[in-house]
Amino acid sequence: MKEATGLKEIIKPENLAYRRSEVLVDNTLSYCPGCGHGTTHRILAELIEELGLQSHTIGISPVGCSVLLYHYLDVDIQQAAHGRAPALATAIKRLLPDRFVFTYQGDGDLAAIGTAETIHACNRGENILIIFVNNGIYGMTGGQMAPTTLSGMKSSTSPLGRDVRTMGNPLKMTDIVATLQGTYYVTRQSVHTPANVRKTKKAMRKAIEYQKLNRGTCFIEVVSNCPSGWKMTPVESNKWMEANMFPFYPLGDLKTPAE
Amino acid sequence: MEKELRLMKGNEAIAEAAIRAGVDGYFGYPITPQSEILEYLMEANPFESTGMVVLQAESEVAAINMVYGGAGCGKKVMTSSSSPGISLKQEGISYIAGAELPCLIVNVVRAGPGLGTIQPAQSDYFQSVKGGGHGDYHLIVLAPASVQDMADFVELSFDLAFKYRNPVLILSDGAIGQMMEKVYLKPRKPRATQFPAWATTGKPESRKRNIITSLDLDPNGQEEFNHRLQAKYAEISKNEVRFEEFQCEDAEYLLVAYGTSARVCQKSVQIARDNGIRAGLLRPITLFPFPSKRISEIGSRVKGILSVEMSAGQMVEDVMLAVNGKVPVKHFGRMGGIVTTPEEVVEKLKLFFIGG
């Protein structure tokens, strides 16, 4: 009883260092414990709230683990066919140019089946934000090889490890879109430490501001983990990501505005 | 304002009618024999005059998904293509049907299968009226038989699409797309400024968020949704059947044909009657919903029905279902991009039903 009163004293609005964003719906997340999707959602929700964009946001969810994005973000959302989110976003932004339009896509969706839509939306310089969560694997369908799966990395369709001689090389989609004239800001971030969360949030805030200024496509890759698909604990998966993913997918800006 | 008289190709008429009907967006990809639609719109540059967005997409797949995105915002959006391109769009069309989005898709049909040829055909009937992509769904399918129809059906399509939240397909062919005729064009209507309550336009505080999706992982929910879709199709079938009759009153033999074949068959009816054969023609204007009831009524008082289509015989199955064995039904049609002649139709009518 005494303890409860003590807690009540502590949990007061002025003492809150952290709260759930109002743009984040109070639903149980379908993501596995330790997965980076939840954190990436939170960053996006916080920014939509902080920048007062809730009434002006239209998001597009992909096919993949984040297909149910519309269960978690309290904004208008369209669910796209596999890989086609940038095509939807193109039309939405052209028809409603004053709205904030973003796609949220995984590596299978964006870098395999949706390669054409991704490249051409970026090449046209569509004034949209593409958030690309890259965990090197197909999570939702049960851990199959993705276009971004590292050389030698095991998955359910590369059980002996990815043999690049027969299975192709891991695709650096972010590097490709950085070479296109239509992209304005291209960066690769992660959300596995508080410092990286802050950096990703800063990058995303910049991208949203650039969209207001009609500057072209902004593209943010979030290199993430997949504890279930990689068959590791969350802690192990983050360590593995640092040791293996980051050397091939180095964090940092790939294209920044010349200002 | 008066209606304006112009001489136009069918493809051009669709494009001009789209601008005048207040369409918000067109998303296309070049393919013969319908590229004039995109070309005409690019030349007309309606973005400057009405704000209509016209975009050449990187593929048919991207174009139909742009239509999904625009339709999800409650905008009047459309795409057009020809047979191989429509096959590519089928995934997107299934999603659009599943998300119950209104839009217009135009198919200026060419002969297939595969790359086939660029000449006109009617071999996409099954794909158009039975679904086309995966899952249980129907499009509302309109079959123009003239350049005038091409122009008039644009506005009709959007009226039906928004009334039922359902995609509408104009099933044309290379002949109607390419030929020139006089056409009366309606005055330009302004683009809509109000949007349906379900549209994703940004969530104001006054309402819950809008979600456009075709996903329901719960089988019970998905089955319930399927029942709702089927109820909608039943309602459409009840209200929206359209057809045209030509000398059916005293007919002993009935021709059933749509689009280009219906034009050919009008002449066949004349030739048959000149030869003492009382033929009549029923031209379905909607292929889904199909005028089954009317065909059954006429079928019960004629000696034979000849279904004429530029295909191996697709619509003939629906004609057979309509009369359910009451009267003999035969099919005739040329394939591969060859347009049937009126004389050939009369010959077949004699051969199948009269002898000699």
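Good morning. Chain B is divided into domain 1, residues 4-203 + 227-239, and domain 2, residues 244-354; these bounds come from an automatic or database domain assignment. The model is predicted: local features need pLDDT of at least 70 and side-chain atom pairs count only at pLDDT 80 or more, while totals for chains, interfaces and linings use all residues. Residues are numbered from 1 along each chain as its sequence is written, with chains lettered from A and ligands numbered from 1 in the order in which they are written.

Let me turn to the domain pair. The C-alpha centres of domain 1 and domain 2 of chain B lie 27 Å apart. Their contact takes 27 residues from domain 1 of chain B and 22 residues from domain 2 of chain B, two residues being in contact if their C-beta atoms, placed from the backbone, lie within 7 Å. On the domain 1 side, α6(B) gives the most, with four residues. By class, that side has 17 nonpolar, eight polar and two charged residues; Ala, Val, Leu, Ile, Met, Phe, Trp, Tyr, Cys and Pro count as nonpolar, Asp, Glu, Lys and Arg as charged, and the others, Gly among them, as polar.

Now the chain as a whole. Chain B holds 13 helices and 15 strands, which are DSSP runs numbered from the N terminus (helices H or I, at least four residues; strands E, at least two). Along the principal axes, the C-alpha atoms of chain B fill a box of roughly 75 × 50 × 40 Å. Among contacts in chain B between residues at least 6 apart in sequence, 79% join residues at least 24 apart.
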